[in-house]
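Read each task, have a go yourself, and then follow the solution step by step.

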Amino acid sequence: MKKTNVIIICCALLLAACAVVSAFVIKGKSDIREAAQDERAVRLYGVLDDTYSRLAAVQSGSAAAPSLSPSTSDDAQFKTDLLHFYAQSTNIVSILPFTTVQVTEAALLKAFMSSATSVNEALAYIDRYADRTLASAYETMDELLEKFSAVLQKYNISTSSAYTAKYNRLASMFSSLKNSSTQLLSRTRTLIKKSKSEDYDTYYTNYVEQLSDLTGKIEQYCAEINNEYYNLLSSLTDDFDDIQ
């Protein structure tokens, strides 16, 4: 009886194996047709892996405003206020573009699916999530600049002061990141529409160039903001080395 059961199980497994092999044979032609599309996906994965590695390094170095002892000096209080702005700025500079990359990646992966509606689904995904996720970050940038400006006015900082120049530089960085982020979304939409066309490579190159531009700005701007942060911190406390 046990021997019979073993034989039945073996036959069932053999039939299942045959079915799997048959499925692969039938699917062969379809795989060949989709091979070029798969190669494009592999290229995309490689680019995104490198991008995420670079962004992860930036995020791990984000600043956090320390709790400093209260001071009666207006100058010290002014610098303490700025410390918090720079800490928040570092975080938002790394988060905003990272969110853009995540949204565009998910949309592109949808576009690479073999479904007849994959392109439309990918475009709909961007429309559904891009504005929603990025609008909050844009608003946060604007709020930080408004608070920074209010602090400059509170302490009667001259328009010719180096701190006003720092404010202008921060505003320029925020604006540049917004534009670069918006441009990446635009190029992603174009790439998705051309994902199955013969001139795909041209639009893929445009996408990668913009992705690199955005990633480079994140790295550069986070480094600049962190430098300002630590310069302020070092001027406020003798315990800078311990805090750092």
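**Exercise 1.** Find what L82 is in contact with, leaving aside its neighbours within four places in sequence.

*Solution.* Keep in mind that you are looking at a predicted model.
- Step 1: Skip the neighbours within four places in sequence, and the contacts of L82 are F148, V151, Y163 and L232.

**Exercise 2.** Decide whether T164 is buried or exposed, and find its place in the fold.

*Solution.* 
- Step 1: Locate T164 in helix α4, which covers residues 162–193.
- Step 2: Its relative accessible area is 12%. Buried means under 20%, so T164 is buried.
- Step 3: Look at the surroundings. Apart from residues up to four places away in sequence, T164 touches L152, I157, S158 and T159.

**Exercise 3.** Which residue forms a salt bridge with K178, and which helices hold the pair?

*Solution.* 
- Step 1: The structure holds 6 salt bridges. In one of them K178 pairs with D142, and their closest N and O atoms are 2.7 Å apart.
- Step 2: K178 sits in helix α4 and D142 in helix α3 (residues 118–154), so this pair links distant parts of the chain, 36 residues apart.
- Step 3: D142 has 34% relative accessibility, which makes this residue partly exposed.

**Exercise 4.** Work out which parts of the chain are tied together by the salt bridge of K166 with E228.

*Solution.* 
- Step 1: In this salt bridge, the closest N and O atoms of K166 and E228 are 2.9 Å apart.
- Step 2: K166 lies in helix α4 and E228 in helix α5 (residues 200–236), so the pair ties together parts 62 residues apart in sequence.
- Step 3: K166 is partly exposed at 25%, and E228 is partly exposed at 23% relative accessibility.

**Exercise 5.** Describe the salt bridge of R169 and E224.

*Solution.* 
- Step 1: The N to O distance between these side chains is 2.7 Å.
- Step 2: R169 is in helix α4 and E224 in helix α5, 55 residues apart.
- Step 3: Both count as partly exposed, R169 at 31% and E224 at 25% relative accessibility.

How values were computed
Residues are numbered from 1 along each chain as its sequence is written. This is a predicted model: local features need pLDDT of at least 70, side-chain atom pairs count only at pLDDT 80 or more; totals for chains, interfaces and linings use all residues. Side-chain values use heavy atoms; hydrogens and water are left out. Helices (H or I, at least four residues) and strands (E, at least two) are DSSP runs, numbered from the N terminus. Buried means under 20% relative accessible area, exposed over 50%, partly exposed in between (1.4 Å probe, protein chains only). Contact means heavy atoms within 4.5 Å. A salt bridge is a side-chain nitrogen of Lys or Arg within 4 Å of a carboxyl oxygen of Asp or Glu.
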